[in-house]
Amino acid sequence: MTQATDARFMAMALALGRRGMGRVWPNPAVGCVIVRDGVVLGRGRTADGGRPHAEVIALAQAGDAHGATAYVTLEPCAHHGQTPPCADALVAAGVARVVVATTDPDPRVAGKGIRMLRNAGIVVDVGCLGAQADRDHAGFFKRLQAKRPYLTLKLACSLDGRIATASGESQWITGPAARREVHMMRARHDAVMVGAGTVRADDPELTVRGLGIDRQPLRIVVSRNLAIPVDGKLGRTARDVPVWLCHGPRADTALWEAAGATSVPCHVAHGQVDPVHMLAQLADRGLTRIFCEGGGGLAASLLGAGLVDELVVFQAGMVIGAEGTPALAAMGLGKLADAPRFTLVDQRQTGPDTLQRWAAV
């Protein structure tokens, strides 16, 4: 097939895979399309919870895949886990060619899946839309290679970088279109994270609403001493949508655990939960993608530790003034050279507000 044809079907597989974001952790959100003579025979994405894998679903839908080409967004697995290797399933189905967008750095796979296919006489081409696949699988890769989840930090602020007035009024600085965008972003992440101050000030639900989503992200609260009310919205719904509490070793977790929340003990550094240790703990528990919504203290600690992979900024066309609450707490920077830097990757209008996406340099 031509490069254009390969790109078209791989784009389809990538779009399928993205539907699984936030729903398949700790597994990667893989997509697969089975094609013969230009006709799509089967398609699939990794199922919610991570099983079955995309290739198995696509092959089952195809029925007879003999002589077909399989487009897969990540190298097929080569190890026996809860299910047999997907590479074996492709071989058994008699496919003639497999187009792989990017390789899997998991030591249990890491080229073994491709070798299994080639050893069976299957033609394997690697790299079609690889850059896009690397972006889509960034959370899975980050957990394997950096031992932490991929972290997106969202800020919603005025033109002068304020998130509330001096009296604490913050609802709503940005408009309905921006808030809908935030709900869509939550849905594509494994977990939504906030600090204790946000919980005390806003009593948030941190759920995805208005989109018909049937699988909610985890809700994570970062609080050294758990000085947060257990009778708020999070505590009342902890048995319906999981709540994880990242706290210091001296926090009393009894009331929250009785409400159904999960305790994640973390080290404390400089008087706050150590963000590096916290993200390592969350990665150990399987999380690959976290959407942090502040507040200012938590955002500053994550930025200061170099843990923010993507910065999403919603900015409203208003000014609040220096007496308002800044989007970020003090970071203790003395030199510009020490400031975290990002590069702009997207900018557009959403309702009356602007949305900017920045990637860590």
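This report describes strand pairing, helix packing and cysteine positions in a predicted model.

Strand 1 (residues 31-36) runs antiparallel to strand 2, and the two are joined by six bridges. Within this pair, Cys-32 lies opposite Gly-44 of strand 2, while Ile-34 lies opposite Gly-42 of strand 2. The two strands form a hairpin with two residues between them, and in the turn Asp-37 has a positive phi of about 55 degrees.

## Helix 2 against helix 3

Helix 2 (residues 54-62) packs with helix 3 (residues 86-93) at an angle of about 20 degrees, and their axes are 9 Å apart. Since angles under 35 degrees count as roughly parallel, helix 2 is described as roughly parallel to helix 3. The crossing of helix 2 past helix 3 is left-handed. On the side of helix 2, the contact is made by Glu-55, Val-56 and Leu-59, and on the side of helix 3 by Cys-86, Ala-89, Leu-90 and Ala-93. As a general point, an α-helix has 3.6 residues a turn, so residues three or four places apart point the same way.

## Strand 6 and its neighbours

Strand 6 (residues 150-157) has seven of its eight residues buried, and it is therefore largely enclosed by the rest of the structure. With strand 14 (residues 289-292), strand 6 pairs in the parallel sense over four bridges, and in this pairing Thr-152 has Phe-291 of strand 14 as its bridge partner. Strand 6 also pairs with strand 15 (residues 310-315), again in the parallel sense, over six bridges; here Lys-154 stands opposite Val-312 of strand 15.

Helix 6 (residues 138-145) contributes Ala-138, Gly-139, Phe-140, Phe-141 and Leu-144 as its buried residues. These buried residues of helix 6 pack against helix 5 (130-136), as well as against strand 6 and strand 14. After helix 6 comes Lys-147, which has a positive phi, near 60 degrees.

## Cysteines

How many disulfides does a search of the whole structure find? The search finds zero. For Cys-86, the closest cysteine sulfur is that of Cys-77, and because the two sulfurs are 3.6 Å apart, they are too far from each other for a bond; the cut-off for a disulfide is a pair of cysteine sulfur atoms within 2.5 Å. Cys-86, which is among the residues of helix 3 that make the contact with helix 2, has 1% relative accessibility and so counts as buried.

Cys-157 is likewise in no disulfide, and the nearest cysteine sulfur, which belongs to Cys-292, is 14 Å away. With 5% relative accessibility, Cys-157 also counts as buried.

Key:
Residues are numbered from 1 along each chain as its sequence is written. This is a predicted model: local features need pLDDT of at least 70, side-chain atom pairs count only at pLDDT 80 or more; totals for chains, interfaces and linings use all residues. Side-chain values use heavy atoms; hydrogens and water are left out. Buried means under 20% relative accessible area, exposed over 50%, partly exposed in between (1.4 Å probe, protein chains only). Two strands pair if DSSP finds at least two bridges between them. Axes are lines fitted to C-alpha atoms, for helices over the stretch in contact, and angles run from 0 to 180 degrees between N-to-C directions. Angles under 35 degrees count as roughly parallel, over 145 as roughly antiparallel, 65 to 115 as roughly perpendicular and the rest as oblique. A crossing is left-handed if the near helix is turned anticlockwise from the far one by less than a right angle, and right-handed if clockwise. Contact means heavy atoms within 4.5 Å.
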